[in-house]
Amino acid sequence: ETKVSAVKAPQQADPMEASIEVSTQEMIRRAQKLQIETVFDRAVTMKPCAIGMQGICCKNCAMGPCRLPLPKGGVQGDDTRKGLCGATPNTIAARNWIRMIAGGAAAHSDHGRGVALTFLSVARKETKDYTIKDPAKLISIAPYFGVATTVEVDGKKLDRDIDEIALGVAEAAVAEWGKTDGFLSYLKRAPQPLQDKWEKQGVKPRNIDREIVEIMHRTHMGVDQDYKNLLKQGARASIADGWGGSMIGTDLQDVMFGTPAPLQAEANLGVMKADHVNIIVHGHEPLLSEMIVAAAQSQEMIDLAKQNGAKGIQLSGICCTANELLQRHGIPPAGTFLQQELAIITGACDAMVVDVQCIFQNLANVAKCFHTKLITTHPIARMEQENVIHIEFDEHYAMQDAMRIVKMAVENFQNRGAEVMIPQHKTTQIAGFGVESIQYHLGGSFRGSYYTLNDNIINGRIRGIAGVVGCNNARTKHNEEHITIIKELIKNDVIVLTTGCSAIAAGIHGLLTPGAAAVHCGPGLAEVCETVGIPPVLHLGSCVDNSRILLAATEVVKAGGLGNDICDLPAAGSAPEWMSEKAISIGQYFVSSGVYTVFGYSLPLEGAPVVKDYLYKTMEDMYGGMWDCEADPVKHAHKMIAHIDKKRKALGIDK
Ligand code: XCC
């Protein structure tokens, strides 16, 4: 007799167990009092599937799903597990793994495509709402696309017209998604030895879309059944994300919206204001949110807000949209991925405007309990619930659409109920670092003075560089892993570069200030930070901006003194509370670029030890970087530090 899994009675999360962050705890309590269920409650009510977690459930055809759990005590002798078609645990785990990469690379790269297409309409002068804000950045990337930046007139070299350069770059950039010849243009930005490794391993992406499509083909029933060959395609698609879709996205966003420079802002739910219209933008693409900023700051909308009884308009963000607006405008993040429902539960959110990625469908159910207008804006991301308003955003009428959305929020201010409760917690932070500003603030170059990064790594004041990035995951205690790992790293003189929700968490917990150096850092890192006036944890933007970390690492290599490839650097990567497929794509492109990359929580590989071994060990010989997973945050940080020390030793700078 088979037992259909019983629907369990909903349980409530213990706020203190759910998060280390006070405003989150307060809002979980409030939600429970109002009987509004949140992700934290769902996480205690429903447990994850143990077989899926091990990575060995295959549902790629209708003879399955085939489930191949590890025998108790592990595999003894031959591993005879197989699915109906004969697929081994290796094939299944590798297929599942690279399908996650396809999902993640597709998400980043489709975002990048949207940016590139918008830039093409700027270059063609089809829109007035977007312009070229950073021509210097445009000129700096043009050569990689084979676009000349000078012209010869009468034997003299003259600057080429910026509009011509823009059109050349835009057309070449858009072509990266589907070109038929050659390889991705940006691959040549990588250190030469890394390019050589990619060549040798046969993983140079041909174009962005093709590598993603090929994953879907290879993982279809009955195609690629060699885990090594599958993982190779995973590496190739991930490189197409990191050095392709994401990097082009970041660059063209900088060209259109400005390259970030350090600025001060606030963070956490406490940035919302009871007497203001609160608009929260949530998702990923700055195309829309940039226009919302302009609309919310327009006199027309501010006057309208006042007519509606509000003191003004407070704009804030959630997830990577928050990071995009923070780094370019100082708009404060209201919270991380796991705080999205809580922002509405304040009762003070007049509109939440979402585009793509990381948006809970449950937002619609939460919004229903309040006056909040939940507005979807992207044709590929709509919600079925009838209280959701869809205002499709068209980049040709960007400002018009944004004004309509802001107006709707402003007019909704009057509909607020009595029950407004904004947690009174917020912090100050400095955000908006990039390759350019790291160089600028640390002595103007990467090498050659008392202040520069490479010199401080060589002399040991800075032990190494860590990238700590990625999501929150309701299966772990909100922010605990991020914050414990970052603190442990800076205590040991490792400077941290952060993006995504990890960066928001670092801001909320006060680690993005120069003052954090004296409190949390080892003596060497503290000295450097205090001398140049930077925080020990540098906010580099959103998740597509992990490409900034790749380029920063490349600049460090090129400046010299620390080996000749990214894998030589005393550096490591981490995604402590990862949850999305995008995180796996990011992790894989860091590994494929030579970085030892440790994930927290759990990776879906335990059921296929051979595949796990290949990712954790063999990849180091192939790319110089490899995967690891460690749920314990202190051990996690020390694995990274041990790797950094190993690299320092190899460089002969370990004294
Ligand atoms: Fe989403 Fe980018 Fe993850 Fe945050 S970190 S939960 S992917 S918003 Ni990218």
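**Salt bridges and cores in a predicted model**

Let me begin with Arg 548 and Asp 254, whose side chains meet in a salt bridge at 2.8 Å, N to O, a salt bridge being a side-chain nitrogen of Lys or Arg within 4 Å of a carboxyl oxygen of Asp or Glu. This pair links distant parts of the chain, with Arg 548 in helix H23 (residues 546-559) and Asp 254 in helix H10 (residues 227-257), 294 residues apart; helices here are DSSP runs of H or I with at least four residues, numbered from the N terminus. Both Arg 548 and Asp 254 are buried, where buried means under 20% relative accessible area, exposed over 50%, and partly exposed in between, with a 1.4 Å probe and protein chains only.

Residues are numbered from 1 along each chain as its sequence is written, and side-chain values use heavy atoms, with hydrogens and water left out.

Glu 37 forms a salt bridge with Arg 42, the closest N and O atoms being 2.7 Å apart; Glu 37 is partly exposed at 39% relative accessible area, and Arg 42 is partly exposed at 27%.

Turning to the nonpolar core, meaning buried Ala, Val, Leu, Ile, Met, Phe, Trp, Tyr and Cys residues joined through side-chain atoms within 4.5 Å, the largest has 171 residues, among which Trp 97 and Trp 243 touch the most other members. Helix H5 (residues 89-123) gives the largest share of this core, 15 residues.

Note on methods: Predicted model: local features only at pLDDT ≥ 70, side-chain atom pairs only at ≥ 80, totals over all residues. Helix = DSSP H or I, 4+ residues; strand = E, 2+ residues; numbered from the N terminus.
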